[in-house]
Amino acid sequence: MKVGRSTGLTDPGRVRRRNEDAFVCSPPLFAVADGMGGAQAGEIASRIAAGAFREPSGSGLDPQARLRSIIQEANRRIYARATGDPTVSGMGTTVTAALFAGNDVAVGHVGDSRAYRIRDGDLEQLTHDHSLVADLVRSGRLTPEEAEIHPQRSVITRALGTDAAVSVDSFIVEGRPNDVFLLCSDGLTTMLDDAAVLEVVSTAPDLETAARALVQQANRKGGEDNITVVLFSLDEGEPGEEDTLSGLEVPPAVIAPAPLRAAPPAAATPRPRPRPAATRTPPPGRGVSRALLLVVVVLVLFAGIAALALWGLSRAHFVGAGEDGRVTVYQGVPWEGLGVKLYREVYVSALLALQLSPEERQELFDHELVGEGEARARIAPYEEQARP
Ligand code: MN
């Protein structure tokens with residue numbers, strides 16, 4: 001067996017100005033990285049990770065160990081840069097990588113970029129996200145459906161570059177001819193569900209078209225984050241020289257943050273309003289005043305319920321984490337939908353969600369609604385402990 005076709009594509013999406021994703025598509029080695037950090041730090045982190053895949057370390061190791069070795073090397077490089085350069089301190093990146101060897105595909109990952117295998121019309125997610133909502137689903141506090149629309153779904157609990165040591169998940173899956181593997185950043189999977197991804201990949205005539213269609217669909221759904229996809233298929237036949245890692249040529253820059261921004265929708269021209277039809281005024285009488293009274297009573301009731309709800313919300317606080325992964329106290333309830341957020345930040349800690357152990361996270365991010373003082377008091381000991 002050998003790698004058949006392969007392709008990669010990245011796009012900034014429709015909301016973000018920068019593209020902090022990077023990818024490598026150098027058969028038999030593939031990777032996607034999704035950087036984070038202020039200013040340009042996210043871009044730097046994901047590019048350093050991609051760089052480590054372009055001159056892969058660990059020759060002589062088995063495929064799984066080799067992937068781990070490359071990912072560890074990427075971590076060392078990003079951490080060294082982050083600790084040596086104050087302008088990029090705290091930066092990090094996810095990485096999800098695959099290496100084809102023999103009849104197998106080794107997969108290694110850190111963070112919430114995913115690997116999927118498409119076989120016989122089925123899509124199987126191979127990786128388990130290292131994210132706050134994945135933790136909440138595992139502990140039974142969220143359903144997978146709730147996790148998909150959760151406001152903090154992009155907060156990761158493991159990243160490359162934020163610590164001198166990183167724990168890498170890796171495994172081997174068996175490959176078969178006609179299998180298609182997909183590596184992608186969360187900008188794809190937060191916009192499209194598995195069924196939509198499968199539909200696109202299985203109906204596209206080739207992988208290049210599939211990659212473009214995936215990016216296009218994610219943008220059509222809002223394109224809220226950078227979108228990156230890498231696709232490769234397996235075929236019958238002997239692997240060529242170019243398919244083995246030892247013969248790997250260092251390709252020219254494969255990170256291609258080529259802006260593919262869709263044109264903004266044309267402003268809708270306001271429609272002329274139809275003139276209101278002349279209304280007939282009913283003769284005044286008891287019927288009208290009674291109806292009026294009823295309307296007033298209903299309005300007062302609604303206002304009362306709304307005020308009560310707002311009062312409840314103003315007293316409720318929960319611990320979560322912001323976009324940048326910092327532990328945060330929110331006022332309200334963790335819900336967002338129809339363009340409305342039922343929570344707001346009241347305190348942002350210097351503590352990062354990924355500085356906590358899984359047990360600590362489970363204890364802290366339980367989504368219990370408490371008073372603000374109580375929420376702050378829960379964070380304090382961890383802040384104390386994280387201080388150098
Ligand atoms: Mn992302």
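I began at Asp225, which is buried (under 20% relative accessible area with a 1.4 Å probe, protein chains only; over 50% would be exposed and values in between partly exposed), its relative accessible area being 10%. This is a predicted model, in which I took local features only at pLDDT of at least 70 and side-chain atom pairs only at pLDDT 80 or more, while totals for chains, interfaces and linings use all residues. Residues are numbered from 1 along each chain as its sequence is written, and side-chain values use heavy atoms, with hydrogens and water left out.

**Manganese site.** I listed the protein donors of the manganese ion as Asp34 (OD), Asp186 (OD) and Asp225 (OD), at 2.1 to 2.2 Å from the ion. Donors here are N, O and S atoms within 2.8 Å of the metal (3.2 Å for Na, K and Ca), and since water is not among the atoms, the site may look incomplete. Along the chain the donors follow the spacing D-x151-D-x38-D. Asp34 lies in strand S3 (residues 29-36) and Asp225 in the loop between helix H7 (207-220) and strand S11 (227-235), so this pair ties together parts 191 residues apart in sequence. Asp34 also counts as buried, at 10% relative accessibility. I use helices (H or I, at least four residues) and strands (E, at least two) as DSSP runs, numbered from the N terminus.

**Cores.** The largest nonpolar core has 29 residues, and Phe53, Leu67 and Ile78 are among those with the most contacts inside it. Such a core is a set of buried Ala, Val, Leu, Ile, Met, Phe, Trp, Tyr and Cys residues joined through side-chain atoms within 4.5 Å. Helix H1 gives the most to this core, with 8 residues. I then followed Ile78, which touches Ala45, Ile48, Ala49, Met91, Thr93, Leu160 and Gly161 (heavy atoms within 4.5 Å), with residues up to four places away in sequence not counted.

**Helix H10.** H10 (residues 372-386) bends by about 30 degrees at Ala380, with Pro381 following within four residues; the bend is the angle between axes fitted to the seven residues ending there and the seven starting there. Its buried residues are Ala375, Arg378, Ile379, Tyr382 and Glu383, and these pack against strands S12 (317-321), S13 (326-337) and S14 (340-352) and helix H9 (358-364).

**Confidence.** Mean pLDDT, the predictor's confidence in each residue from 0 to 100, is 85 for the protein, and 87% of its residues reach 70 or more. Over residues 247-284 pLDDT stays under 50. Where pLDDT is low, the predicted coordinates should not be read in detail.

Conventions: The expected span of a helix is 1.5 Å times one less than its number of residues.
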